Amino acid sequence: MPHEMSRFHGVMPPIVTPFQEDGGIHTDALRALVEWYVTAGCHGLWVCGGTGEGVSLTRDERAEMAELVHEFSDDRLRIIFHVAAATTADAVAAAERCQELGIDAICSVPPFFYGKSDAEIITYYRRLAEVTDRPIFLYNLPDASGVPLPLSLVDKIASAVPTVLGIKQSAGVCDYVYELKRWRPDFNVLIGRGETTLPALTLGASGVVCASLCMAPERFVAVYDAFLANDLRRAIDAQAAAGLVKDIYRKFPVIASTKWINGRQIGIDCGEVREPLAKITPEMEEGLVELAVSLDLLEGEGVLPTTGMSRTRPR
């Protein structure tokens with residue numbers, strides 16, 4: 001299905017799941033984020049992945065996220081929805097809902113507590129494929145899942161499940177992309193490390209899905225556009241600017257800082273992360289603002305009256 005998979009390319013932010021004070025999904029913030037990514041020229045969204053706290057949501061909340069993002073994107077962005085859950089039944093239920101809605105594709109890390117043998121992992125992806133005809137992306141995130149997907153296992157899964165047509169690769173990006181594209185040129189590879197976007201594209205990757213994109217989508221669009229235009233000098237300069245965004249994560253919790261900065265960028269509080277994730281404490285805020293301003297991610301322009309948050313324009 002090469003033509004089908006060619007739709008999944010470019011810059012695809014792993015959108016955060018914004019929460020209200022009562023813990024429910026903040027629909028206004030979610031809508032604003034989707035609109036921002038459309039305006040920035042993004043090509044798709046990765047929903048309920050690691051950055052989106054997908055495994056911390058209930059089955060109903062994940063269904064709600066699928067419905068809302070599908071509605072708000074209105075076919076302007078390709079949606080890849082992460083269905084992984086602690087149980088296969090919950091993952092299958094999420095895949096079924098995505099099929100009903102017409103979500104473009106689904107993705108999943110392999111089983112991350114029980115079912116870690118090769119045979120069990122293959123059976124898991126077969127179960128997903130039984131309830132949807134949508135393309136399936138594997139998701140290699142061993143730092144979080146504890147279950148790596150070596151090339152030998154990817155080969156077994158893709159051979160056993162014909163609708164497994166791509167992977168998000170978040171570990172050992174460049175050598176893995178090179179070997180995978182040699183083995184199967186039509187396999188769709190999305191990388192999970194924004195700082196290696198350009199080298200991965202030169203090796204055959206189709207696009208990028210990384211938390212850094214959420215805070216500076218236009219910088220990564222600039223890398224992708226320059227690459228497509230064969231303008232290597234411009235692509236190198238754009239990559240250098242985009243890679244700086246990760247400095248945030250060297251000092252502050254990844255998901256919490258992303259939500260915190262996103263809230264100030266769109267002018268709507270995106271809420272806190274769910275435990276056990278580390279939160280942004282009041283003691284961290286001054287340093288986070290200083291660093292975000294130095295990276296040109298924030299511009300102070302007054303204060304939101306109901307939250308005390310700095311209002312800034314999206315960047």
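Buried means under 20% relative accessible area, exposed means over 50%, and partly exposed is in between (1.4 Å probe, protein chains only). The model is predicted: local features need pLDDT of at least 70, side-chain atom pairs count only at pLDDT 80 or more, and totals for chains, interfaces and linings use all residues. Residues are numbered from 1 along each chain as its sequence is written, and side-chain values use heavy atoms, with hydrogens and water left out.

**Exercise 1**

Task: Find Ser 206, decide whether Ser 206 is buried or exposed, and list what it touches.

Solution. Step 1: Ser 206 sits in the loop between α9 (197-202) and β8 (207-208); helices (H or I, at least four residues) and strands (E, at least two) are DSSP runs, numbered from the N terminus. Step 2: the relative accessibility of Ser 206 is 18%, so Ser 206 counts as buried. Step 3: contact means heavy atoms within 4.5 Å. Not counting residues up to four places away in sequence, Ser 206 touches Phe 8, His 9, Gly 10, Asn 188, Val 189, Leu 190, Leu 201 and Tyr 224.

**Exercise 2**

Task: Describe how α11 and α12 pack, and which residues make the contact.

Solution. Step 1: helix α11 (residues 217-228) and helix α12 (residues 232-243) pack at an angle of about 160°, and their axes are 8 Å apart. Axes are lines fitted to C-alpha atoms, for helices over the stretch in contact, and angles run from 0 to 180 degrees between N-to-C directions. Step 2: α11 and α12 are therefore roughly antiparallel to each other (angles over 145 degrees count as roughly antiparallel). Step 3: on the α11 side the contact is made by Arg 219, Phe 220, Ala 222, Val 223, Asp 225, Ala 226 and Phe 227, and on the α12 side by Arg 234, Ala 235, Ala 238, Gln 239, Ala 241 and Ala 242. Step 4: by class, this contact of α11 with α12 has 9 nonpolar, 1 polar and 3 charged residues. Ala, Val, Leu, Ile, Met, Phe, Trp, Tyr, Cys and Pro count as nonpolar, Asp, Glu, Lys and Arg as charged, and the others, Gly among them, as polar.

**Exercise 3**

Task: Describe the nonpolar cores and the surroundings of Leu 128.

Solution. Step 1: a nonpolar core is a set of buried Ala, Val, Leu, Ile, Met, Phe, Trp, Tyr and Cys residues joined through side-chain atoms within 4.5 Å. Step 2: the largest one has 89 residues, and Tyr 125 and Leu 128 have the most contacts inside it. Step 3: a second, separate core of 19 residues includes Ile 255, Ile 261, Leu 291 and Leu 298. Step 4: apart from neighbours within four places in sequence, Leu 128 is in contact with Val 83, Ala 91, Val 92, Ala 95, Ile 106, Ser 108 and Ile 136.

**Exercise 4**

Solution. Step 1: most residues other than glycine have a negative phi, and most peptide bonds are trans. Step 3: Asp 74 is found in the loop between α3 (59-73) and β3 (78-82), and Asp 75 lies in the loop between α3 and β3. Step 4: Asp 74 is exposed, at 53% relative accessible area, and Asp 75 counts as exposed at 63% relative accessibility. Pro 276 is in the loop between α14 (254-266) and α15 (282-294).

Terms used:
Angles under 35 degrees count as roughly parallel, over 145 as roughly antiparallel, 65 to 115 as roughly perpendicular and the rest as oblique.
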